[in-house]
Amino acid sequence: AAEAKRLGIGREALPEEVAAWDLDVSPDGTGLPEGSGSVMDGEMLFVDNCAICHGDFAEGVDNWPKLAGGDDTLADKDPVKTVGSYWPYLSTAWDYVHRSMPFGAAQTMSVDDTYAIVAYILYSNYLVDEDFVLTNENFLEVEMPNADGFIVDDRAETEYPRFSEEACMENCKDSVEITMRAAVLDVTPEEEGKAEP
Amino acid sequence: MTADNEKKGASRRAFLKGAVAAGGAVAGAGMARAAGPDPLITEVQEWASGLGEGVDATPYGMPIRFEGDVIRRNVEWLTADTISSINFTPIHALDGTITPQGCAFERHHSGAIELKKDDYRLMINGLVDKPLVFTYEDLERFPRENHVYFCECAANTGMEWAGAQLNGAQFTHGMIHNMEYSGVSLRTLLTEAGLEAAGDLSDKWVYVEGADASSNGRSIPMDKALDDVLIAFKANGEALRKEHGYPVRLVVPGWEGNMWIKWLRRIEVTNQAVESREETSKYTDTLADGTSRKWTWVMDAKSVVTSPSPQSPIKHGPGPLVITGLAWSGHGAITRVDVSTDGGKNWQQARLAAEGQSKALSRFYLEIEWDGKEMLLQSRAHDETGYVQPTKNALRDVRGENSIYHNNCIQTWWVKENGEAENVEVS
């Protein structure tokens, strides 16, 4: 095909450039750099860099995300989804903290800082002891409680056949009652920026 | 309903304002018959005598000031701050299908960054024959494509899972925009880097990330990457807006908006899904039993009546009424939209303004003679796969109330005798 033709646009990426940008870490540990960090070091780093939003114990402040707690709440009316209760892989915590946190000052945590902070988040979720040291060597040994809590999109089996039946057009139900009203809740923002008369 | 318990919400005020604009007259079918000669016609108006603005007054224009309420809106309580947050397209006030970029919704995780073309770099690495770096100018030298697609946030209508919450189509359905994109297919760029090294492509992935602090990294299976994904640099004819990813974003037709990576900086061919934060902690859909779906990429068929609606009440009284709205499907083209005025007891087929385009918004109209009585307005989309948009109860039967994302349920507006409308749920 014509599109299989290379046009010779762009130039080869240098190893230093790839290393600077390719930071992602996968569930099997691919991408994880050498390093280590303890719960103790992590606690200090967390208090200095993270606790203002996430709380001293990773329990969350105001509307900011809770990183710990919520065990066994996923089937509740209001599930509490945290690293401990919900996240399937520790790799994601490491990867996300390293690249995108702290909020507003991302990419300021060193590799060892990140190991330490992740160790502290594990400790806050009662998943490791206070003398735990997380390293690239023991990383995959940490068991995440909700590792088996995910299924691949199954709508093709559970929904599409059910929602692909011929639609009713007339006398589809006997009665219709209003069961809920947004105006009763009244949480819609007031109109601002109105049109000029 | 008495005056005492009427809400002083957006729709009420918009309604009153409309009544004032109509000279305070009670809206009714006789409105068109004036009591006497209309001074707007019989008297020479200033604009018919004096001069308007010169052509040098506005090098790049904004909408006329009378349209000042057709703007994006934020709902403060939805998120912890406005940086990692969402705003809403004023779909209640728009017509046709193309969303004006200036009021097309935004969703950022670390704010809208400013990245100039000179500073822009795009890297392709991983399982490719030759890792490459492109400048912005490089991208403009590849063969180009144009397509219209909708971008719908996975969380659109997400606040409505447990009940009727926000009072207006803008808020319940406005995490969406629809633009004509110009750019290069991802397939073209992957071919340039070479996929021989990747071997069997059927189990390969691409991981895509942005240049912003959040990075918003997501994993896309190779068959989608080689199908219709675009590297876009123009939208609706001009450069992307800053807040929509200037100078380059990913366009992932039919799939949830989170995957439309903005400020795209890197594409990595991988052996496996990275299972990044945005596809584990977020954009996974928890079911009633506590397990969660992952990789729910496609946005299913959906529609909404945009007018009448809570922010777009009926001001003209009984008589001819245009019911209009939008329909779309991530699985392909919209083939049909049904509209009900009695809460789903009876349906009639609406008119599509144009033949449905794959993975793009469709506009529908139903012209009726309104008798001035209450209505429970609904719309129901059908797509080319035969899928019919479900009710909220039908979705909740399968998923429960905690899946947050992918709420494509049928919306009901309760249109009252005075023409105001309210977001409700019905049995």
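How much area is buried between chain A and chain B, and what percentage of it do carbon and sulfur atoms give? The buried area is about 8,400 Å², and carbon and sulfur atoms give 52% of it. Buried area here is the accessible area, taken with a 1.4 Å probe, that two parts lose on being put together, summed over both.

This is a predicted model, in which local features need pLDDT of at least 70, side-chain atom pairs count only at pLDDT 80 or more, and totals for chains, interfaces and linings use all residues. Residues are numbered from 1 along each chain as its sequence is written, chains are lettered from A and ligands numbered from 1 in the order in which they are written, and side-chain values use heavy atoms, with hydrogens and water left out.

**The interface**

Chain A brings 86 residues to the contact and chain B brings 115 residues, where contact means heavy atoms within 4.5 Å. Across this interface there are 53 residue pairs in polar contact, both residues being at pLDDT 80 or more. A polar contact is a pair of N or O atoms within 3.5 Å; within protein, one must be able to donate a hydrogen and the other to accept it, and residues adjacent in sequence count only if both atoms are side-chain atoms. On chain A, the elements that give two or more residues to the side touching chain B include strand 1 (11-12), helix 4 (90-100) and helix 6 (155-158). Helix 4 of chain A gives the largest share of that side, 5 residues. Helices (H or I, at least four residues) and strands (E, at least two) are DSSP runs, numbered from the N terminus.

**Salt bridges**

A salt bridge is a side-chain nitrogen of Lys or Arg within 4 Å of a carboxyl oxygen of Asp or Glu. Over all chains the count is 35 salt bridges, and 10 are found across the interface of chain A and chain B. One of them joins Glu159(A) to Arg293(B), with the closest N and O atoms 2.9 Å apart. Arg155(A) and Asp300(B) also meet in a salt bridge, at 3.1 Å from N to O. This pair runs from helix 6 of chain A to the loop between strand 15 (292-294) and strand 16 (302-307) of chain B.

An open sheet of 6 strands has the order 1(A)-5(B)-4(B)-13(B)-8(B)-9(B), with mixed pairing. Two strands pair if DSSP finds at least two bridges between them.

| Strands | Sense and bridges | One bridge pair |
|---|---|---|
| strand 1 of chain A and strand 5 (132-135) of chain B | antiparallel, 2 bridges | Arg11(A) and Val133(B) |
| strand 4 (121-126) and strand 5 of chain B | antiparallel, 4 bridges | Ile124(B) and Leu132(B) |
| strand 8 (205-210) and strand 9 of chain B | antiparallel, 4 bridges | Trp205(B) and Pro221(B) |

Leu132(B) is also the bridge partner of Glu12(A). Strand 4 and strand 5 of chain B form a hairpin with 5 residues between them.

**Annotated spans of chain B**

An unreviewed UniProt entry annotates residues 114-275 of chain B as "domain: Oxidoreductase molybdopterin-binding"; UniProt positions follow the numbering used here, feature names are shortened, and annotations may be inferred rather than shown by experiment. That span is 13% helix and 35% strand, and its end C-alpha atoms lie 28 Å apart. For residues 293-411 of chain B, the annotation in the unreviewed entry is "domain: Moybdenum cofactor oxidoreductase dimerisation". Residues 293-411 of chain B are 7% helix and 39% strand, with the end C-alpha atoms 24 Å apart.
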